[in-house]
Amino acid sequence: MDARAVRPYKINMAKELIFKFAGKDFSAAPVKIERKKIYGWTDTVATDRNGDVCVSAYLSPDDVLIIPSGGLKQGSVSEDGRWLEKGELTAYDEAGENVLPILPSAFDAPIELTVKATIDEFLDNDWESVYQLVNDELAAALGTDIYKFEFSYRGGTNHNDGYLVATPAGLFLFAGDAQEFIPVGLAEETVIDEIEEPEDESIDELDFSMF
């Protein structure tokens, strides 16, 4: 084979997270677990009378223009009607007083595993994403302990609590937000009293003198 005919090619490698634990660095590429990949999915395809696939479109508010899919975009405008790019916006907390800090992506720097979480703390979350990682050495080092850390996939103002868990099925990263779950139960015990049935008066006990 002519060596000049062989073209070099580029392999797209998945980005890896770096975990620092027990004085060592462990790397693993997170693979997001999606419900449809586990249970499968179905698509509904609309066709016209000729069997051609139809595409979705939008109708303008004045019912004049037909806008094809992808022709609409959400955005922000200033008070004077000027279009604002996302980078020009500033995020504040719910009270509107404090500017939210910009957090880096979890891929930008190693993640130090120093904070352990209890099983109750782990379960009291609303999970947003679950990732599977492959690193047998890290899974063995974690053992049965659960480690908690701040996790942001892309960086920015939004972030989740990340939990790294080693299970018999593999190593998983859970990303979610802590929730307050109120226990449901009886406030106090209640004793049901037996209802006393009224005694029937006997005819023999009637005094006819009262008539």
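**The sheet and its cores**

Begin with the open sheet of six strands, whose order is β3-β10-β13-β12-β11-β9 and whose pairing is antiparallel; strands here are DSSP runs of E with at least two residues, helices are runs of H or I with at least four, both numbered from the N terminus, and two strands pair if DSSP finds at least two bridges between them. The edge strands, each pairing on one side only, are β3 and β9 (115-117). This is a predicted model, in which local features need pLDDT of at least 70 and side-chain atom pairs count only at pLDDT 80 or more, while totals for chains, interfaces and linings use all residues. Residues are numbered from 1 along each chain as its sequence is written, and side-chain values use heavy atoms, leaving out hydrogens and water.

Select residues 31-32 next: this is β3, which is joined to β10 (residues 125-133) by two bridges, with Val31 standing opposite Gln132.

Now select Leu17, Phe19, Leu113, Leu142, Leu164 and Leu173, which have the most contacts inside the largest nonpolar core, a set of 22 residues. Such a core consists of buried Ala, Val, Leu, Ile, Met, Phe, Trp, Tyr and Cys residues joined through side-chain atoms within 4.5 Å, buried being under 20% relative accessible area with a 1.4 Å probe, protein chains only. A second, separate core of seven residues includes Ala117, Tyr163, Phe172 and Phe174.

How values were computed. Buried means under 20% relative accessible area, exposed over 50%, partly exposed in between (1.4 Å probe, protein chains only).
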